[in-house]
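Please read this briefing alongside the sequence and the coordinates. The points below are grouped by topic, so that each can be checked against the model.

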Amino acid sequence: MAGGIKKFVVGSFDDEAVLFPAVKNVRKAGYKIHDVYTPFPIHGLDHAMGLRETSLHTAGFIFAATGTTTALSCISWIFTKDWPLNIGGKPNFALPAWIPITFELTVLFSAVGMVLTFCYLCQLSPFIKKHHFHARATDDLFVMAIECTDKTDDAELQSFLEKAGAKEINIQVAETGWWIGRYDKEQKLYREEKGY
Amino acid sequence: MNHQFELPSSYKKWTWGLIGAGAIAVLYGIIMFHPFAAPAAHGHGGAHEAADSGTRFWATLLQNSVFWLLVVNAAMFFICVTTMAMGGWQVALRRVPEAISSVVPILGIVTFVVLMGIVLFGRTDIFHWLDAEAVKHDKILNGKKGFLNPTFFTIWSAISIFMWWFLGKKMRTLSLESDKNGQMDYATGKKWIFKNTVWASLYCVFFGLSVASTIPWLWLMSIDPHWYSTMYSWYTFASSFVSGMSLIAIFVVFLKNKGYLEYVTEEHLHDVGKFMFAFSVFWTYLWFSQYMLIWYSNQPEETKYFIERIGTAEKTGPYNTLFFVNLAMNFLCPLLILMKRGAKRNWTLLTIMAVLIIVGHWIDFYQMVMPGTVKAHPKFGIFEIGIPMLFIGLIMLGVGKYLSKHSLLMKNHPFLKESMIHHT
């Protein structure tokens, strides 16, 4: 998925207590936060970043409804039309007996569907590669990537981040989407632009 | 902000109006239904109209007293489980379930009087096992004699109601004591929390022995003494707990509307809503487990219970519609409406759902009690509407009294801060 190559000012923080006010101030100053990468989920960060409520629940409901429909239509077709069997003298359309299976398929569809949707939204998949703004974002650093538009003054933004408490600041030009590739093979779709 | 609740005059008017209407309904029942006359011989209920209405009187009183008592008792169970789980979020609204549980002694006495009325007047039309002569010739009832007999019934009912009151009272006293002594330091707070945990666990153990097992067997399942279901008590408990949570939600929204409960936000309401949603689904799980296994194994002595309600393929029973309305109200509506996050955080919608759930589970108790007592002649008139009014009025009276007497905020609870900053 091509997100396009964009320029980012990247600030790394080593404390979430510093990160929170920094996120607020960066937004207040009118900069556009591309994303914040943290080693662990941080409660309330989505609100601080002003992200909209996720639609994953709605997707889950739709998957679940699909599961219910699949189970009921499948079982009822098999037991009433395709291969009616007399099981313990019960009617062919034996709804109570089907409820457990219907329930299980509902859960299965919604669980698997939501995991896959989640992976898709986070662009996580085998054989898929994404640009990492900082390798330590998965370890002990909170990494904030701010997208530069043509009106952004890089130098001003860098000093702004420094004041906000960033430990490491650099500028990266990177592909925002994912591409087919592997992490054990070096493959770059972007230019290194160090030494600003 | 003011933490001292003042009863609005409209609240008092409603309370006494409902109690008055309920009292008139009881009088009406006593005059019209001859409840103290001897019941008609078992199995011929339909033929004798006069005796039939006496059955109706006791059955309606039994249904309502047991239902509302278990509902208010569920509020104390909520406090105790959250205490044992070291929960902090509920502290901002804890006085509300406390107030609801303070009605347990009133409704407990009413329930005990009703149960004793049934035993003393020998209402074999309600509890068939009260008929000593029939028990003698009945192999199954004879086998259950050690459990289903008037002496054990009376003693265990009395002990249960007393223990709910006593252990609940202990929890309330601990809570009210904390108001007097100012902010607790770490050691005092720890000790106080530990004391709460001990009493809460005692309550929970006794709750397991009573509400979650023996009490529904004695008070409700013994209406059909030949029939039994191992799911029954849990199913009754789920019914009462989800209604209890709904009652808490209604009172919280009421106080919030009046401008009290400063620290209770939609975050707390959301969690109460989650309980209502989760236990609606839990109720359905038990309801279905009971139904499906009996339907599947198809044993005559077990299916009898459902034939009395739904009927058979040839002839639908008198409770058929009610049976499925019950399922729609208590499962489909909460499932589909309360599923969305926004619905649980919406004060109006949650109140509507709370009322729906309480009415739904009242209907659930109706179809637990009526088919075994008034049989195929269910009547629904002024009497059946008036009696719940009496109980709602009594609950409003007790809750209003408790809330206006004590501070609405447990200002010294060690977890208060946690509750104030609670967010999901």
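What follows describes the two chains in turn and then a few local features. The model is a predicted one, and every value given here is computed from it.

**Chain A: elements and overall form**

- Chain A contains 5 helices and 6 strands, and, read from the N terminus, these elements follow the order β-α-β-α-α-α-β-β-α-β-β.
- The radius of gyration of chain A is 24 Å, well over the 16 Å that the globule rule gives for 196 residues, and therefore the chain is more spread out than a compact globule.
- Of the 196 residues in chain A, 17% count as buried.
- Among the contacts in chain A with a separation of 6 or more, 78% are between residues 24 or more positions apart.

**Chain A: domains**

- The domain assignment divides chain A into domain 1, made of residues 5-49 + 127-180, and domain 2, made of residues 56-122.
- The centres of domain 1 and domain 2 of chain A, taken over C-alpha atoms, are separated by 43 Å.

**Chain B: elements and overall form**

- Chain B has 16 helices and 0 strands, and its radius of gyration of 22 Å is close to the 22 Å that the globule rule gives for 424 residues, so chain B is as compact as a globular protein of that length.
- The C-alpha atoms of chain B fill a box of roughly 65 × 40 × 40 Å along the principal axes.
- In chain B, 42% of the 424 residues count as buried, and, of the contacts between residues at least 6 apart in sequence, 81% join residues at least 24 apart.

**Chain B: the pairing of H4 with H7**

- Helix H4 (residues 104-120) and helix H7 (residues 150-180) of chain B have axes that come within 10 Å and cross at roughly 175°, an angle which means that H4(B) is roughly antiparallel to H7(B).
- On the side of H4(B), the residues that make the contact include Val104(B), Pro105(B), Phe112(B), Leu115(B) and Met116(B), while those on the side of H7(B) include Phe153(B), Ile161(B), Trp164(B) and Trp165(B).
- Sorted by class, the contact of H4(B) with H7(B) comprises 12 nonpolar residues, 5 polar residues and no charged residues.

**Chain B: individual residues**

- Met86(B) is found in the loop between helix H2 (49-84) and helix H3 (95-101) of chain B, and its phi is near 60°, a positive value in a residue other than glycine.
- Met86(B) counts as exposed, because it has 10 C-beta neighbours inside 10 Å, where the cut-off for exposed is 12 or fewer.
- Asn298(B) lies in the loop between helix H10 (266-297) and helix H11 (300-309) of chain B, and its phi is likewise near 60°, a positive value in a residue other than glycine.
- Asn298(B) has 11 C-beta neighbours inside 10 Å and therefore counts as exposed.
- Phe254(B) has its place in helix H9 (residues 232-257) of chain B, and, with 17 other C-beta atoms within 10 Å, Phe254(B) is partly exposed.
- The C-alpha atoms of Phe254(B) and Thr351(B) are separated by 9.1 Å, although the two residues are 97 residues apart along the chain.

Technical notes:
Residues numbered from 1 in each chain as written. Chains lettered and ligands numbered in written order. Predicted model: local features only at pLDDT ≥ 70, side-chain atom pairs only at ≥ 80, totals over all residues. Helix = DSSP H or I, 4+ residues; strand = E, 2+ residues; numbered from the N terminus. Rg over C-alpha atoms; globule rule 2.2 N^0.38 Å. Buried ≥ 20, exposed ≤ 12 C-beta atoms within 10 Å, placed from the backbone. Contact = placed C-beta atoms within 7 Å. Axes fitted to C-alpha atoms, helices over the stretch in contact; angles between N-to-C directions. Parallel < 35°, antiparallel > 145°, perpendicular 65-115°, else oblique. Nonpolar A, V, L, I, M, F, W, Y, C, P; charged D, E, K, R; others polar. Domains from an automatic or database assignment.
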